[in-house]
Amino acid sequence: MTSTRRTTPPLQSQPLAERAREMLLGAIREDRFPGGRLPPEAELAEQLGISRGTLRAALQSLSAEGVVSRRRRHGTFVNQHVLRSSMPLNRLVSFATLIEQSGYSASTDPRQNHIDQAGADEASELGLAEGTPVLRLFRLHRADGEPVISVADVIPRERLIYPPSRLRNAETTFAFLAENTDTVADYATAEIIPRVADAQDPAELNLVPGTPYIQLREVLFNPDGERIALSVVCVVDRLVRLSLLRRGH
C-alpha cells in the first residue's frame with residue numbers, strides 16, 4: 001500500500017474551513033505547489049485530511065481574496081503577484097513577511113505598551129466614552145535595519161484577559177487580539193491617508209521633513225460587528241508598496 005505525501009501538515013482543532021485556509025495560505029507562501037498550480041481537489045483534500053466540501057470553502061475564501069484563481073476544467077492557480085512585492089490591504093501575511101518578500105531583511109523592535117485614556121478622536125472611532133482606559137501598543141518594523149512600518153494600536157482595557165505585564169507576543173494586530181483579548185478580529189476597515197513628514201511626526205520612522213509617506217487608520221471589528229481596536233499604520237512606501245486588489249465580480 002502506498003502512502004500519500006502530505007504537502008501541508010494535518011489540521012488541528014479550529015473551524016475546519018478557516019484552518020484549511022490558513023494551511024493552504026502557508027503552503028502557497030512557501031511555494032510548495034510546483035508551477036503555482038494546486039493539486040486536484042480530491043488529492044488536496046486527502047493531503048489535508050478534510051472533506052472536499054471543507055476544502056472548497058477554504059478555496060472559495062482564497063479565491064474571493066484574489067490569492068488563487070479557479071478555472072473551470074483547468075484547476076486552481078496561485079496569483080503570485082498578489083502575495084509579493086507589495087502590501088495587500090487585506091493583510092494576508094505579517095508585515096515581517098511582506099518586508100522579506102520585498103527583498104529586505106526584516107526585524108522588529110521590542111514591543112512597547114502601556115495603559116492610557118482614549119482621546120476624543122479614538123473614542124469616537126471605537127464607540128467609547130472619552131477617557132475610557134485603553135491599552136496603547138506600539139511596534140516598529142525595520143527593513144535592513146531601516147525603520148519602514150510603525151504600528152500603533154489602541155485596544156479597550158476591558159477587552160484584555162491578561163495584565164499589561166503578562167501580555168503575549170504576536171506578530172500582527174489580529175494575532176495579538178486573538179492571544180490577549182476576549183474576542184478576535186474578523187475584519188478591518190481602512191482609511192488610506194497620504195501624508196508628509198514634519199519635524200515631529202512620524203518620529204519613529206526617521207523621515208526627513210517633507211518626505212511623503214502613507215498612513216492607514218484601521219478600525220478592527222469582531223464577528224459580532226463590535227469595534228475592538230484602532231490601528232494606525234505608517235508606511236515608508238518607497239520600501240514597501242501598498243496595493244489594493246479589485247475583483248471583477
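1. What span should the 14 residues of H1 have at 1.5 Å a residue, and how far apart are its end C-alpha atoms? The expected span (1.5 Å times one less than the number of residues) is 20 Å, and the end C-alpha atoms of H1 are 20 Å apart, which agrees. Helices here are DSSP runs of H or I with at least four residues, and strands are runs of E with at least two, numbered from the N terminus.

2. This is a predicted model, in which local features need pLDDT of at least 70 and side-chain atom pairs count only at pLDDT 80 or more, whereas totals for chains, interfaces and linings use all residues. Residues are numbered from 1 along each chain as its sequence is written, and side-chain values use heavy atoms, with hydrogens and water left out.

3. Just after H1, aspartate 31 has a positive phi of about 55 degrees.

4. In helix H2 (residues 41-48), Glu41, Leu44, Ala45, Gln47 and Leu48 are buried. They lie on the same side of H2, because they cover an arc of only 160 degrees around the axis, taken from the directions from the helix axis to the C-beta atoms. These buried residues pack against H1 (16-29), H3 (52-64) and strand S1 (68-71), with contact meaning heavy atoms within 4.5 Å. Glycine 49, which follows H2, also has a positive phi, near 75 degrees.

Methods. Buried < 20%, exposed > 50% of the residue type's maximum accessible area, 1.4 Å probe, protein only.
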